Amino acid sequence: MKKIICKREYDTETSELIKKCTAGTYGDPAGYEESLYKTEKGYYFLYTNGGAESKYTKEDIKSVSAKKAEEWLANN
């Protein structure tokens, strides 16, 4: 997935996957995944996706600060 946020491109295909966390099993409507990525320019983002009953009902990318990325890693 690719998304432009504040003139910055975030792309799961060209960025480094740091960690992926999943909740539930494949096909679980309440299941979801969160993946932390780092771009070549050093920006972090979370890729999220989930089932119809999850907290991520659609595929999305959200930019996060380095501090938020560290907090996410510490908690996941």
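Biologist: What does Lys38 touch, not counting residues up to four places away in sequence?

Modeller: Lys38 touches Ser15, Glu16, Ile18, Tyr43 and Tyr44, where contact means heavy atoms within 4.5 Å. This is a predicted model, in which local features need pLDDT of at least 70, side-chain atom pairs count only at pLDDT 80 or more, and totals for chains, interfaces and linings use all residues. Residues are numbered from 1 along each chain as its sequence is written, and side-chain values use heavy atoms, with hydrogens and water left out.

Biologist: Why is Lys38 called partly exposed?

Modeller: Its relative accessible area is 29%. Buried means under 20%, exposed means over 50%, and partly exposed is in between (1.4 Å probe, protein chains only). Lys38, at 29%, is therefore partly exposed.

Biologist: Where in the secondary structure is Lys38 placed?

Modeller: Lys38 belongs to strand β4, residues 32-38. Strands (E, at least two residues) and helices (H or I, at least four) are DSSP runs, numbered from the N terminus.

Biologist: Why does Thr39 count as buried?

Modeller: Thr39 has 11% relative accessibility, so the residue counts as buried. Thr39 lies in the loop between β4 and β5 (44-50). Leaving out residues up to four places away in sequence, Thr39 touches Glu9, Tyr10, Ser15 and Phe45.

Biologist: What makes Cys6 exposed, and why is Cys21 called buried?

Modeller: Cys6 has a relative accessible area of 73% and is therefore exposed. Cys21 comes to 17%, so Cys21 counts as buried.

Biologist: How many disulfides are there?

Modeller: A disulfide is a pair of cysteine sulfur atoms within 2.5 Å. By this rule the count is zero.

Biologist: How do you know that the radius of gyration of the chain agrees with a compact globule?

Modeller: The radius is taken over C-alpha atoms, and the globule rule is 2.2 Å times the number of residues to the power 0.38. With 76 residues, a compact globule would have a radius near 11 Å; the chain has 12 Å, so the two agree. The C-alpha trace spans about 35 × 25 × 20 Å along its principal axes. Of the 76 residues, 32% count as buried.

Biologist: What share of contacts between residues at least 6 apart in sequence join residues at least 24 apart?

Modeller: The share in this chain is 34%.
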